[in-house]
Amino acid sequence: MAQVLPLHVFFSAEIHKVAPSKPLKRTHNPKTSVTTHRKGPQSPLRKTQKLNLEVSPHRAVSAVRLMRIEMGGAFADLLNEKGKGSGDNEMGYVGRTLGFRTKDLDDRDLRLVTDIVGGTIRWRRYLDYLIGSLCNDENTIKSMEPLLLQFMKVSVGLKDVRASQHKSGHKSSIKSGSGMIGSVHTYNTSWTCLPNGLLSWSGSVNTMSKLYAAIIVSNGLYRIAILRIGFYEILKLDMPAYAVVDENVRLAKVSLRPGAGNMVNGILRKLVLLKESNSLPLPKLEGDDRTQARALATLYSHPVWMVRRWTKYLGQEKAIKLMMWNNDDPSFSLRANSGKGVTRADLVMQLNMLKVPHELSLHLDLFVRVKTGLQIVIQAGLLKQGLCAVQDESAGLIVSVVDPKPGESIIDCCAAPGGKTLYMASQMHGQGMVYAIDINKGRLRILKETAKLHQVDGVITTIPSDLRTFAKSYPMKSDKVLLDAPCSGLGVLSKRADLRWNRRLEDLEELKDLQDELLDAASTLVKPGGVLVYSTCSIDPAENEERVDAFLLKHLEFHIDPVDRYVPPDFVTKRGFYSSDPLKHSVDGTFAARLIRALSFDSWKHNEHSKYRDLGKSVHHLGKDASHVVILMENHLSFAFQTECTWCWMVHYGSESSPGCRGLYQMLQPSEILYLIALLSDGYCITEIYLKMRGELWQKIC
Ligand SMILES: C[S@@+](CC[C@H](N)C(=O)[O-])C[C@H]1O[C@@H](n2cnc3c(N)ncnc32)[C@H](O)[C@@H]1O
């Protein structure tokens, strides 16, 4: 049976001898350094830990970070500080994996790392296509070491994959199966490197073969990282070509071996010539839909399934524009933390002092847009001091749809890491409570800490739980419930550079089921007359409108409350939902529906307005004889007076095809009688009553 161990353990120079077939443990025994192995490809681990000033530090850090992302071990966090990534010291990684130390990054280096890593990940498909085309040439192939060539081929999708013989006599081969980065055979062991950073093996194994496989895999991935960086700098950053070639050759030489530099040199120089003669070997936009989608996916560097989906929903022109938006540098917004008494004017003053260019948000009083200079804001400590938060305006507008008010009880069902919880809490002026539920305890802990920093912890209660379990165990009812559901994130691809490569079409199906279950659970927490807001950071109708429709079919006690009273008209769809469009509004793509739960029938009967009371009594009376009563109401009246009675539903006048109405008809047996009470425009009293058998026309009965 295949076994699995994290590849990262090999990146330490302190590997210890372990029994065959057991995962290697990371230990601290310098005596068992791999420098004792003389044969095989030269390892980055063999090099001394000297300070290397030949390679620019941003380049070394970029290569290491790309490598870690490729292995699934690091999130492409473009907002991190001081070159540190996800808890580990990046410089330490550089030392351990490239075999040399480099000087600390200054602000300019940090910006370069962010640009290079983000851009290289975004353009990966495009870059790999070109790397593949340029490497598919006999001379280039001959100049590569066979084992590394195999990894090149798998990583960039070259077709001509051949088994080859390593000089020490051990066979290597590649399987380009689903999801694996590559595999090799060493000493009767078959190794497979999985994209999540795990190395699996089958067959007999010893420490030597483990090390050997790890070195091959890591070398191959570094090679790819170095080439991708070079291609990106030349093609997309338009950096001086020969300087880029020189720098990347140097990096390949010191991090791999001198010979590796020749290959990098050959390929990059070839690229420069092709670029200068405007003859890059790129696919043409021709052929049937599928072929065109493939070409577009390469030209604009997105997965084919996304291109096909967007072309279907948006048309080719808009799909291309969307991909261009996703590939562009993201812009960020800052929210002044009013919870701590910070105004937008205060924030603007700070930004002016830091010389960070910014624009005031046109839609939200506390928000400021920052196109460049976010690193400066981070390094100046504005976030650490809780003066402001990084929050996209589209997320801020979802909070506007919730419309939190002091004194209310609000449940934020999927709250972590807390962007919306914190903003809602800051609007409560110390009165009321936001209950922040999330299944992820770690992220919820961060929310709690940030709440203290933002001085809004007095109105936030964190509840670590699966929403579905919580809703069953605690029948609490709140004024407002926000379900910011887990989703594909297709609306935030410009900020999350790596996300497009981690999403599959099948994920959408799984997410849809989860979203339905969470919506069902969230709805039980809304009090009669209360508000349920369903939101996503997706632009896909399957996660947005279609989820709301599926929900309304099952939950006739809810109806849509158009959001035009809460957000600018430009963001309101024909059906009254909130939707932000990256191309139209230059913010992330998000969605929200505001749904109201019907008042209970009791409250309806005792309503202070006599006209509603009369209507309530009449319906109550009718209900005694009829199996079902349907009330068609005009305009927005129905949302004010829906009922929870099992035999009585309200639907909008003239909306027999609305989801609520369709669901009702599906539920009824053919013999069941429906009464219709038609309300005339002058008021709320019953003036005409119609009878309808299923499948028949309405008959006026009085
Ligand atoms: C889109 S994120 C929420 C972002 C958050 N509202 C904000 O503004 O920062 C979705 C969250 O749903 C949480 N989640 C996923 N499944 C869940 C479940 N079954 N119950 C509760 N939370 C869940 C995830 O842990 C994740 O934090």
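Here is a short tour of some local features. Keep in mind that this is a predicted model.

Let's start with a pair of helices. Helix H4 covers residues 124-135 and helix H10 covers residues 289-299; their axes come within 6 Å and cross at roughly 100 degrees. An angle from 65 to 115 degrees counts as roughly perpendicular, so H4 and H10 are roughly perpendicular to each other. On the H4 side, the contact is made by Arg125, Tyr126 and Tyr129, while H10 brings in Ala297, Thr298 and Leu299. Sort the residues of this contact by type and you get four nonpolar, one polar and one charged.

Next, the backbone. Ala416 and Pro417 are joined by a cis peptide bond, with omega at about 5 degrees. To find Pro417, look in the loop that runs between strand S11 (409-412) and helix H16 (419-426).

Which residues have a positive phi without being a glycine? His429 is one of them, at about 50 degrees, and Gln455 is another, at about 55 degrees. Here they are with their places in the chain:

| Residue | Phi | Loop |
|---|---|---|
| His429 | about 50 degrees | between H16 and strand S12 (433-438) |
| Gln455 | about 55 degrees | between helix H17 (441-453) and strand S13 (460-464) |

Definitions and conventions:
Residues numbered from 1 in each chain as written. Predicted model: local features only at pLDDT ≥ 70, side-chain atom pairs only at ≥ 80, totals over all residues. Helix = DSSP H or I, 4+ residues; strand = E, 2+ residues; numbered from the N terminus. Axes fitted to C-alpha atoms, helices over the stretch in contact; angles between N-to-C directions. Parallel < 35°, antiparallel > 145°, perpendicular 65-115°, else oblique. Contact = placed C-beta atoms within 7 Å. Nonpolar A, V, L, I, M, F, W, Y, C, P; charged D, E, K, R; others polar.
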